[in-house]
Amino acid sequence: MLRNTKAEDLKLAWKVLIMDKITLKIMSHSCKMSEITGEDVSLVENISKRRQPLPTMLAIYFIQPTKENVVMFLSDMAGKNPLYKKAFAYFSSPISRELINYIKKDPTVLPRIGALREMNLEYFPIDSQAFITNNEEAMDDIFGEDGDSTKGDECLTLMATRIATVFASLREFPFVRYRVAKSLELDTMITYRDLVPTKLAANIWNSLTKYKANIANFPQKETCELLILDRSIDQIAPIIHEWTYDAMCHDLLDMEGNKYVHEVPSKTGGAPEKKDVILEDQDPIWLELRHAHIADASERLHGKMTKFATKNKAAQIRQGSRDGEDISTRDLRNIVESLSQYNEQYEKLSLHVDIAAKINKIIRDSELKELGQLEQDLVFGDAGTKEVINFLRTKPDVTSDNKLRLVMIYAAIYGDKLESEKLKKLMELAKLSLEDMNVVHNIRMFDGSSDTKKTSIRSFASKFNLNKKKSNFRKDRPGEEVTWQLSRFYPLVEELVEKIGKGQLSSTDFSCMNDPSPTFHGTSPAAAATLIQPQDAHSVRSRRTGTWARARRSDDGYSSDSTLKHAVTDSLLRRTSSELKKMGQRIFVFIIGGATRSELRACHKLTEKLNREIILGSTSLDDPSEFIKKLKRLNEEEISIDDIEI
């Protein structure tokens, strides 16, 4: 988009880039400002704000195809004195025929347009193998208590448009599989919430068929697989304590997105200076440690710091001066020679040593190891009501947030056979607030059972006497050795992706849109049996140079499992065609209602294990606190403890 803008006159080489609120966010997720200016862009502007006329410059518009944006674009370029010499317009998603005709109506504008194209890039890469659609209100719009299907449909339509642009930009045509709506009782109606994955799959399929017909070089046969799920697939993953470095940073530290406030010693000897640091893929230490268990990460950091101190000249000399030894002229020269490299390496190491130290202190002070062990024992069926009650009685200093998460996990696992009086006493013992009780109610809405779709608190509790036989316990993964304590937990997405890789995903539970014989749920379950295996078809990605993930080695010999997040910057993401051909077809997994860091970790892990690039998509990437806040907003009605009864 930036490079296709060519000036006939070299004096017009510099360009202005104009975006709206959404496309600006897309761009900021995809590349740095230095990369934009490297493409001769001297100014970045917001289309909705008043701008200075630059009649000698070329303008690149990267905007959503809305009526408001098109009107603004025409206003800029119409009349005797347009704001810019020439305009190159790129739309983030398909533009309607109505708006195209609207642009054509003004004869003064057409000669000033150098390009009018659909960019098909309206998603937000957050990792080398993950993206979000930025539907932060999806849970409220789709799963909210008001049952507003109109708002839900609008949300799903926008979501589908943005997901489809992922496949348009990557030139991939997927088998679209989705979790089938089910009713446990024959006389129970299927609700709107039950049909959410089906509706999203249908919307995505509609967009993809249009791409197939209209985009040049778009695949005409399936090249990858897409599995559409919602948050009901796994209620525990968003709330359990995950013990990897990445997850603990976002769960335990006061971070804003990926921004961490690092305190460094003052050069003047005063109070520590605060420095904002972004934890992202450009940092090789972060890249290496993010998916490691916190104990493993701490050990590696200690080894790195020890190795650095023993090998680095400046570090040794600085240590010598602290021990009271005089620094010679030769030593001073050595310091100067290695100072730049020393400072950079030391700053990166000290940053992560500081972070790991803070996390380990919180773990000790909050007694998280014991809580984490109980959480995982609950999930795997090795603990029950007795252990939860004993923990709550003997650990009065546990924070209310942690007690809430424990009770939520307990309710998610045992709720379908839990006596209401027992649940009521458990909530009282945990001293949960009324708002917290509402969250425990709402987590049950995601268990996928038809009897949880009723909106009242009373009906929520009544289902606990159904004595269903279904077990919600997780089983240990076969053939996988648990190296570190508290690393036993895995998200259920991991099981599903492995089944896709082996061609064993149930066609009854997960239907496929690419089947010519529709049924009540949208497609025939038999379609899954015809899904091609990785070696049967060849993805279009084998003919391009960019990709979303590449294994590489860090400078200290540890393996790093990913690279930069720049999904749209070819120069930063290179893989040879031979490497791509060795990989099987991509597997895309999209989770409606927010994904978790444990699910992201699983996708990176399975990419190596299955030799297939696993891409995780979701409406958002939520940490436990963010997920709980969204659950609280689902039902703002005030309730009392007396409401929770049979």
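Predicted model: local features only at pLDDT ≥ 70, side-chain atom pairs only at ≥ 80, totals over all residues.
**View 1. Helix α6 against the strands.** Residues 149-170 form helix α6, which lies across β6, β7 (130-132), β8, β9 (224-230) and β15 (584-592). Relative to β15, helix α6 runs at about 165 degrees.

**View 2. The open sheet of seven strands.** The strand order is β6-β7-β16-β15-β9-β8-β12, and the pairing is mixed. At the edges stand β6 (124-127) and β12 (510-512), each of which pairs on one side only. From one strand to the next, the twist averages 25 degrees.

**View 3. Pairing of β8 with β12.** Strand β8 covers residues 174-179 and pairs with β12 in the antiparallel sense. Three bridges join β8 and β12. R177 stands opposite C512, a residue of β12.

**View 4. The open sheet of five strands.** Here the order is β2-β1-β3-β4-β5, with parallel pairing. The edge positions are taken by β2 (41-46) and β5 (113-118), each with a single partner strand, so one side of each is left without a neighbour in the sheet. The twist in this sheet averages 20 degrees from one strand to the next.

**View 5. Pairing of β1 with β3.** Strand β1 (residues 15-19) and strand β3 (residues 54-63) are joined in the parallel sense by five bridges. Within this pair, V16 has A59 of β3 as its bridge partner.

**View 6. Packing of α17 on α22.** Helix α17 (residues 434-443) packs with helix α22 (residues 624-634) at an angle of about 95 degrees, and their axes are 8 Å apart. The two helices, α17 and α22, are therefore roughly perpendicular to each other. From α17, the contact is made by E435, D436, N438, V439, N442 and I443. On the α22 side, F627, I628, L631, K632 and L634 take part. Sorted by class, the residues in the contact of α17 with α22 are six nonpolar, two polar and three charged.

**View 7. The largest cavity and its lining.** The structure holds one cavity of 30 Å³ or more. The space in the largest cavity is about 110 Å³. Its lining comprises 13 residues, of which A237, E242, A247, R597 and P624 are the closest to the centre. At least two lining residues come from each of α8 (245-252) and α21 (597-610). By class, the lining of the largest cavity has six nonpolar, two polar and five charged residues.

Note on methods. Residues numbered from 1 in each chain as written. Heavy atoms only, no water. 1 Å grid on protein atoms, 1.4 Å probe; cavity = no way out; pocket = protein on both sides within 12 Å on 5 of 7 lines; lining within 4 Å. Points joined across faces, edges and corners; volume = space filled by probe spheres on them. Helix = DSSP H or I, 4+ residues; strand = E, 2+ residues; numbered from the N terminus. Nonpolar A, V, L, I, M, F, W, Y, C, P; charged D, E, K, R; others polar. Axes fitted to C-alpha atoms, helices over the stretch in contact; angles between N-to-C directions. Parallel < 35°, antiparallel > 145°, perpendicular 65-115°, else oblique. Contact = heavy atoms within 4.5 Å. Pairing = 2+ DSSP bridges.
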